[in-house]
Amino acid sequence: MAATPIARGRAADIFAAGPDRVLRRYREGEGGDPVAEAAVMEYARLHGFPVPAVHDASGRDLILERLEGPTMLADLARRPWLVRTHGQTLADLHRRLHKIPAPDGLRAPFGRGEHLAHFDLHPDNVILTRRGPVVIDWANASRGEAADDVALTWVILTTSAIPGPLPFRALARAGRSLLVDAFLSGVDADAARERLGTVAKRRMNTDPHLLERERHALGAVISSRS
């Protein structure tokens, strides 16, 4: 019998792989490149950025350090009074990441930029561990501009459906604007605002996992920036 995932993302499943490791496996047809993803994670780690240790990468699989702690999104549901703190932490992670020059040969999906960008850096991809926040899911890591990475996080925060039970979703929606405001207070919001339409359009055209209500929300962002 196949092992049961301990967590499920939109493109990959997570399985236990011993007491201190997990297996992250892309589903058939998702097109993830674990070897390239592992290389970017190791590059970020060597530049002092908090990522899980990578133990192996091949085929559709990544063997990663098992992180103990909730996601930032889960912690927001449990301790909503920390919404501003978490927004500021998210901004700090962006600032730290964008100080790192992109490695040679990394793609540039927006055709510009010289910095390392995550392009999926939102509260469900931040694990709050004892050693501090750790960023996971580097499949979209690319060369880019800080404004584009910030704008994409802004778009994700404002348009994504919130997973979990109804009370969790209701609470998270109530704090969404506070989280966004705290995040934007720590980044160059003006530069990111100019890129909202561009990044929303690209997300609409390239993300096969969007729900219909997310597409509708993205369409509203695109229309507002036209």
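Predicted model: local features only at pLDDT ≥ 70, side-chain atom pairs only at ≥ 80, totals over all residues.

1. Two aromatic pairs are present in the structure. In one of them, Phe49 and Trp138 have ring centres 5.8 Å apart and planes at 85 degrees, so the arrangement is edge-to-face, given that planes over 60 degrees apart are classed in this way.

2. This pair joins distant parts of the chain, since Phe49 belongs to the loop between helix 1 (34–46) and strand 4 (54–58), while Trp138 belongs to the loop between strand 8 (132–135) and strand 9 (142–144), 89 residues apart. Phe49 counts as buried because its relative accessibility is 3%, and Trp138 is likewise buried, with a relative accessible area of 1%.

3. A charged side chain also meets a ring: Arg202 lies over the face of Phe110, at 5.6 Å from the ring centre.

4. Helix 8 (residues 212–224) comprises 13 residues, and the distance from its first C-alpha to its last is 19 Å, which is close to the 18 Å expected at 1.5 Å a residue.

5. Which residues of helix 8 are buried? They are Glu214, Leu218, Val221 and Ile222; viewed down the axis of helix 8, the buried residues fall within an arc of 100 degrees, so they line one face of the helix. The other side of helix 8 carries the exposed residues Glu212, Arg213, His216, Ser223 and Ser224.

6. As for the partners of that buried face, the buried residues of helix 8 pack against helix 4 (146–159) and helix 7 (196–206).

Technical notes:
Residues numbered from 1 in each chain as written. Heavy atoms only, no water. Phe/Tyr/Trp six-rings, centres within 6.5 Å; stacked < 30°, edge-to-face > 60°. Helix = DSSP H or I, 4+ residues; strand = E, 2+ residues; numbered from the N terminus. Buried < 20%, exposed > 50% of the residue type's maximum accessible area, 1.4 Å probe, protein only. Lys NZ or Arg CZ within 6 Å of the ring centre and 35° of its normal. Expected span 1.5 Å × (residues − 1). Arc of directions from axis to C-beta. Contact = heavy atoms within 4.5 Å.
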